[in-house]
Amino acid sequence: MRNVLLSLLLLPTSVLSLAGEADVLSAEVEVIGDGNYRFNVTIQHTDEGWEHFARAWVVLSLDDKILGSRVLRHPHSKKPFTRSATIAIPEEINQVVIRAYDQIHEFGGKELIININKDK
């Protein structure tokens with residue numbers, strides 16, 4: 001037990017971060033046209049400053065191909081927060097995965113699988 005506590009005390013502060021992983025809470029998708037879709041993605045992450053904040057979200061095919069992303073350039077004080085991006089989705093894709101990324105945990109928080117409505 002004493003060795004475990006000593007090991008924890010010697011870890012860099014960023015590793016002991018309490019912010020946890022970045023979670024995708026919700027997403028809305030709007031048809032723009034010509035295969036382009038507007039994604040409005042809401043992320044939850046307790047940003048702790050420049051060393052640990054939600055850094056991006058990505059849209060992937062079900063076989064993990066990156067279709068597009070939104071880079072987040074700074075820590076956010078409002079939580080949760082929503083950011084948007086226009087992403088081209090190939091005709092044959094009807095479902096996508098949305099994942100959030102933070103600087104410490106990378107990918108690993110709650111993700112969403114959503115249907116792409118191509119009828120509008």
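**View 1. Gly33 in strand 1.** At 25% relative accessibility, Gly33 counts as partly exposed (between 20% and 50% relative accessible area, with buried under 20% and exposed over 50%; 1.4 Å probe, protein chains only). Gly33 belongs to strand 1, residues 23-33 (strands are DSSP runs of E, at least two residues, and helices runs of H or I, at least four, numbered from the N terminus). A separation of 9.3 Å lies between the C-alpha atoms of Gly33 and Ala88, which are 55 residues apart along the chain. This is a predicted model, in which local features need pLDDT of at least 70 and side-chain atom pairs count only at pLDDT 80 or more, whereas totals for chains, interfaces and linings use all residues. Residues are numbered from 1 along each chain as its sequence is written, and side-chain values use heavy atoms, leaving out hydrogens and water.

**View 2. The open sheet of 3 strands, in the order 1-2-5.** The pairing is antiparallel (two strands pair if DSSP finds at least two bridges between them). Strand 1 and strand 5 (81-88) each have a single partner strand, so one side of each lacks a neighbour in the sheet. Strand 1 is joined to strand 2 (residues 36-44) by 9 bridges, and Val29 has Phe39 of strand 2 as its bridge partner.

**View 3. Ser61 in the loop between strand 3 (54-60) and strand 4 (66-71).** Ser61 counts as buried, at 4% relative accessibility. Leaving aside residues up to four places away in sequence, Ser61 touches Leu67, Ile93 and Val97 (contact: heavy atoms within 4.5 Å).
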